[in-house]
Amino acid sequence: MLIIEDELSLNQSMVEYLSAADYICEPVYNYKDALEKIEGYDYDCVILDIMLPGGSGLQLLEYLKKIRKPEAVIIISAKDSLEDKIHGLQTGADDYLIKPFHLSELSVRIAAILRRKIFSGQPVIIAGDIEIDTSGKEVSVNGNVIALTLKEYQLLLFFVVNRNKVLSKNSIVEHLWGDDMDFVANHDFIYTHIKNLRKKIMAAGGYDCIRSVYGVGYKMQVK
Amino acid sequence: MKLFTKYNRVNIIATIATFLVGSVAFYCELYYILGRQLDATLRSEQQEITEYVQSHNQLPEFESTRQQWITAVRSTNPLAKRKICRKSVIDKVDGDRDWIRQLIFSIKVNGQYYDVTVNKSEVETEDLLKLIIMVTVGMIGLILLVNYLINRKLINRLWQPFYNTIDRIKNYRVAVEKPLQLPKEKIDEIALLNDSLNQMTLHVFRDYQALKSFTENASHEMQTPLAVIRSKIEVLLQNDELNEQGIQQLLAIENAARKLSRLHQSLLLLTKLENRQFVPNEQVNMQQVIALKVEEWQDLILSRKLLLNIECEDVVVSFHHHLAEILINNLLSNALRYTPAGGSIFIKLRGPYLQVSNTASLDSLDAEKVFQRFYKTQSAAEEGTGLGLAIIKEICSLAGFDVNYTFEDHKHIFTIYFRQ
C-alpha cells in the first residue's frame, strides 16, 4: 500500500494504524518520490492526498490511469466541495475521503475497495468464527447463517475490518449515520444495535467478541 | 423615462419654441415690409397726381377699383404735410370690415386747394401674409414630424447594441460563467462600454477565482492539522495502558478538534453560499429528500422516544440537491436538539411551503436574532456550531425562498416558502 501524504504526522498515523491491520505500507511525502514509486513498483492500493509539494495528486492519478496500472486509489483531501469529489472520482479514483477522517473509516473503505478490485473472486471475510460473504451480504457464525438488519450488518463489517482495535462511539456513529449526527452528545442509540448484534452472534453459538471499552467505545477481540 | 424620450421631449419643445419665436418675428418682418411696399405705392400715386396737376393744371380723372380709389375734395384748410394712416371701412360689396391704408395730401389746382385721399385696400397684403404664414406653419409641422420619425427609428436602432449588452450583464453570473465576451461595436460609446465590461468581468472573474481557491486552500490547510490531531488520538486510544482520566482527556481533545473542523466546514459553506457558488437549477423532489433524511435520523428519534408526524405532498422545486439535503438536515437536527424527550416533531410539506415544528422545552426564541450567526440559547442541551440556522437562511436566500420563525402553542415553527 502506497501512502502519499505530505503531512508527516498524519502519514505516520495512517502507516501505524494500517500496519497493525497487517497491510504493508510505504509512506512518501512529495510528488517526485510518489511518481518514482508508482513507476517502479506495483501496489494494491494507493492513498492519495491532492495537494502535494511539487505537484497535484490528481496529476499522479491521471498518470496512473494513463499507464494503465490497476491500483485502487483512495483520495484523501480537505477539499469537500461536490465538484472536487466528482472530478476526483471521474479521473478514476475509487473513493474520496474528506479530511479529517477516522482511521477506522479509512480502513473500512480500503477493505471494501480491495474486496471489490483485488480479491474479486473471494468476497468472503473470516474473523474468528464469523464469516461474512460480502457479495450476498450474508453472515454466518459457526456455520449457522444469521439474519441481520442493514445497520447490524454494517456495524459488524466495520468491527471485523477494524478488529482488535478500539473504536470510539464517534467513529461508529459517523460510519453508520454520517457525520451530520455529531452534535449528539449521547450515543446510547448505538448501544441497542450492538446489543442486538451480540445477542444474534451468541444465539448462533458464536464467541461474544464485541467488548465495551469503558469511556471510549467498543472493540472486537479476535484471535 | 427613457433617454430617447427625454431627449425627444426637450428637442421638440425647443424646436417648437424656436419656430414660434421665429414665426412671430417672420410675421412682423413680413408685415412691416408689405406695409412699406403699400406706402410706396401710395406715394408714387401722389407723385403721379402731382406731376399731372403740374403739367395739365387740373386734377386727373380718378379711376376707382375695389383695391384702390381716390377722392378729391375742396379744402379751405390745406395740410402742410401729407398724412398716412390706417383705417377700417365697410366693404361695399360683401359688407365685411376691411383695413385700408390712406394717404391724404393737399394740392393747389388753379388757385384752389384740394385734399386728395388715396385709399388702398390691405386685403391683398393680408391674403399674401396669410398664405406665407400657412406655408411656413405647414413646413414647420412637416419638419417636426419627419424629425421625430427619423429620431425614433434611428435612435432605437442605435441603442439596440446597448440593450443587448444590458441583457448579457443581467444574466451574468460570475460563479457559473467565464468572463463576458461582448462583441465589438462600430459606435464608439457602445464599443467603450463593451470593452470596459469585458475588462471588468475579466478582473472580477480572476479575483473570484483567486478568492475561491484561497478559501479552499485555507480549508485544506486547517483540516490537515485537525486530521493529524484526530488520527493521533485514535492511535493513542488503542493503547491498553491508558487510564480512565487519560481516555476522558483524549476524548475531550477529539471532541474539540471535531467541533473546530465542523465549524470551519460550516463557515466555508456559508462563504460559498454568499459567493453564490451553487446554482439552484435542479428539479428537486423535496418529499424524497425528507424521506431520506428521516430514515437516517430514525434511530436517534426512536431512542429519544420522540413522536414524528410527517404530512408530505409530492413537491418538486427548482433547487440544488446538495443544498436541499443540508437544508432538511439542519432543520431536522435543530428540531431534534430542542425537543425534550417524549416531545413531538411535525414536518408538513405542501405545494407552496415546508414547515418543521417541534414542541419546545423553553420559551420563544428571539425571532429577530434566531438566524444570526452564533446565536445560541441559554440552555441548549447539545451545543451545535451556532451556524445551522444561519446556513438555512443563506440557502433560502440563494434559492429565492423565504424563511421565518414563529412560536405558537408552545411550539417552535420554522416555515420555508418556496418560490412560486
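Where chains A and B meet, chain A contributes 34 residues to the contact and chain B contributes 33 residues. On the chain A side, the elements that give two or more residues are helix H1 (8–20), strand S12 (166–168) and helix H8 (188–203) of chain A. The largest share of that side, 6 residues, belongs to H1(A). Sorted by class, the side of chain A that touches chain B holds 18 nonpolar, 7 polar and 9 charged residues.

Keep in mind that this is a predicted model. For the complex, the predictor reports an ipTM of 0.78 and a pTM of 0.63. Chain B has a mean pLDDT of 86, and 97% of its residues reach 70 or more.

| Element of chain B | Residues | Mean pLDDT |
|---|---|---|
| strand S2, lowest | 83–90 | 83 |
| strand S8, highest | 344–349 | 94 |

Let us turn to chain A as a whole. Its fold has 8 helices and 14 strands. Of the 223 residues in chain A, 40% are buried. If you take the contacts in chain A between residues at least 6 apart in sequence, 56% of them join residues at least 24 apart.

S8(A) pairs with strand S9 (residues 130–133) of chain A over 4 bridges, in the antiparallel sense. Ala127(A) has Ile130(A), in S9(A), as its bridge partner.

Leu292(B) is found in helix H5 (residues 286–303) of chain B. Is Leu292(B) buried, exposed or partly exposed? Leu292(B) has 13 other C-beta atoms within 10 Å, so it counts as partly exposed; the buried class would need 20 or more, and the exposed class 12 or fewer. Leu292(B) and Glu325(B) are separated by 33 residues in sequence, with their C-alpha atoms 8.9 Å apart in space.

Note on methods:
Residues are numbered from 1 along each chain as its sequence is written. Chains are lettered from A and ligands numbered from 1 in the order in which they are written. This is a predicted model: local features need pLDDT of at least 70, side-chain atom pairs count only at pLDDT 80 or more; totals for chains, interfaces and linings use all residues. Two residues are in contact if their C-beta atoms, placed from the backbone, lie within 7 Å. Ala, Val, Leu, Ile, Met, Phe, Trp, Tyr, Cys and Pro count as nonpolar, Asp, Glu, Lys and Arg as charged, and the others, Gly among them, as polar. pLDDT is the predictor's confidence in each residue, from 0 to 100. Two strands pair if DSSP finds at least two bridges between them.
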